[in-house]
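Colleague: Please put the model up. I will then ask what the terms used for it rest on.

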Amino acid sequence: MIILGIETSCDETAASVVDNGTAIFSSVVSSQVDVHSRYGGVVPELASREHMGTIVTVVREAIRQSGIGQERLDAIAVTLGPGLVGCLLVGFSFAKAYAFGLGIPWTGVNHLEGHIHSVFLGPDPPPFPFISLLASGGHTGIYLVTSHTGMELLGQTRDDAAGEAFDKVAKMLGLGYPGGSIIGNLAEKGDPGKIDFPRPYLDKSGFDFSFSGIKTSVSRFIRTHSAEYKEMTPDIAAGFQEAVVDVLSYKLLLAAKAKRCKHVSIVGGVAANKRLREKIIKDAGPTGIKVHMPSHALCGDNAAMIAAAGYYLLINGGPQDLSLDVFSRAK
Ligand code: KG4
Ligand code: ZN
């Protein structure tokens, strides 16, 4: 079944053609970073206008690159939420109208279930059940995944998402937006042991996270070292990153042990972080737990993951009716 995926939940306009939820024929992602960077974050109204101007070109390009004609599409899958409603509506309205025009079924996909499916698009998909750590700019949670449509949230952040903490710390250090990859690169030049930022494990046996405290510690450090902190930026980045990575790795493996899962995955924008990838593999080594990760390109927002999740919804539940609507918050 050849599915066209469409994703417009935040600041990336994306379209992708995927066969049977696993083989990527094309994946086009048009980023709006240049539009939002001078504001230091995503401006919702600008984001939806950008999607409107880009969606047709991005979908056309995805179909062109796939090497198949639009008449060979079997269905369309589109993100319903969570995300910015004005942005979601652009992809959603386009997808419904296009599916109606082509006379093919469509399905709405939860963005978070999309991220969890990114790991099935690589050469090494995990067997069920497995534990998935989803860490992005809007969400950080741990899921028990029992099937393509069965996901149970075991714990999540009580305040900032992990990616949001990276973005805010980058802003404090004057490094620009989006901050995750900038901090990741800078941290390679720093010493992670130089500044000891706190590890917020909360309840050590629970799966919830809290990242606002680390962010406050970085802010306090900058204030109390105002004369010299600029030269210490790589050490601050490395120390902050290490604290976040330690907690993410600890909680993921804790959940795997608690649920007796031998397989885990990391997905979402933060899963592109090099240190996180290394640390989880290292920590998992002695436990016998196997770590599965999507390629870098599939960690951030993309439409291939939406097409993959949509495939399993379509084969299990059939096409969805035209009365469905978008939603802004996770449900
Ligand atoms: O999944 P994603 O593209 O969008 C959301 O659904 O939120 O995630 C974006 C987030 C941003 O906060 C970004 O700073 C973070 O992922 N990110 C990273 C890295 N690359 C992107 N965080 C840490 N290290 C990275 N290399
Ligand atoms: Zn995302």
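Colleague: Which residue stands opposite E7, and in which strand?
Modeller: E7 stands opposite A14, which belongs to strand 2. This is a predicted model, in which local features need pLDDT of at least 70 and side-chain atom pairs count only at pLDDT 80 or more, while totals for chains, interfaces and linings use all residues. Residues are numbered from 1 along each chain as its sequence is written, chains are lettered from A and ligands numbered from 1 in the order in which they are written, and side-chain values use heavy atoms, without hydrogens and water.

Colleague: What makes strand 1 and strand 2 a pair?
Modeller: Two strands pair if DSSP finds at least two bridges between them. Strand 1 (residues 2-7) and strand 2 (residues 12-19) have six bridges, in the antiparallel sense, so they count as paired. Strands are DSSP runs of E, at least two residues long, and helices are runs of H or I, at least four long, both numbered from the N terminus.

Colleague: Why are strand 3 and strand 5 called edge strands?
Modeller: The sheet is open, with five strands in the order 3-2-1-4-5 and mixed pairing. Strand 3 (23-31) and strand 5 (106-110) each pair on one side only.

Colleague: What packs on this sheet?
Modeller: Helix 2 does, touching strand 1, strand 2 and strand 3; its direction makes about 25 degrees with that of strand 2. Touching, or contact, means heavy atoms within 4.5 Å. Angles run from 0 to 180 degrees between N-to-C directions of axes, which are lines fitted to C-alpha atoms, for helices over the stretch in contact. Helix 3 (residues 85-102) lies across strand 1, strand 4 (75-81) and strand 5, at about 155 degrees to strand 4.

Colleague: How do you know whether S48 is buried or exposed?
Modeller: Buried means under 20% relative accessible area, exposed over 50%, and partly exposed in between, with a 1.4 Å probe and protein chains only. S48 has 10%, so S48 is buried. This residue sits in helix 2 (residues 44-66) and touches G86, C87 and V90, leaving aside residues up to four places away in sequence.

Colleague: What makes a set of residues a nonpolar core?
Modeller: The residues must be buried Ala, Val, Leu, Ile, Met, Phe, Trp, Tyr or Cys, joined through side-chain atoms within 4.5 Å. The largest such core has 51 residues, and L248 is one of those with the most contacts inside it. Helix 8 gives the most to this core, with 13 residues. A second, separate core has 26 residues, including I55 and V90.

Colleague: Why call strand 7 mostly covered?
Modeller: Six of its eight residues are buried.
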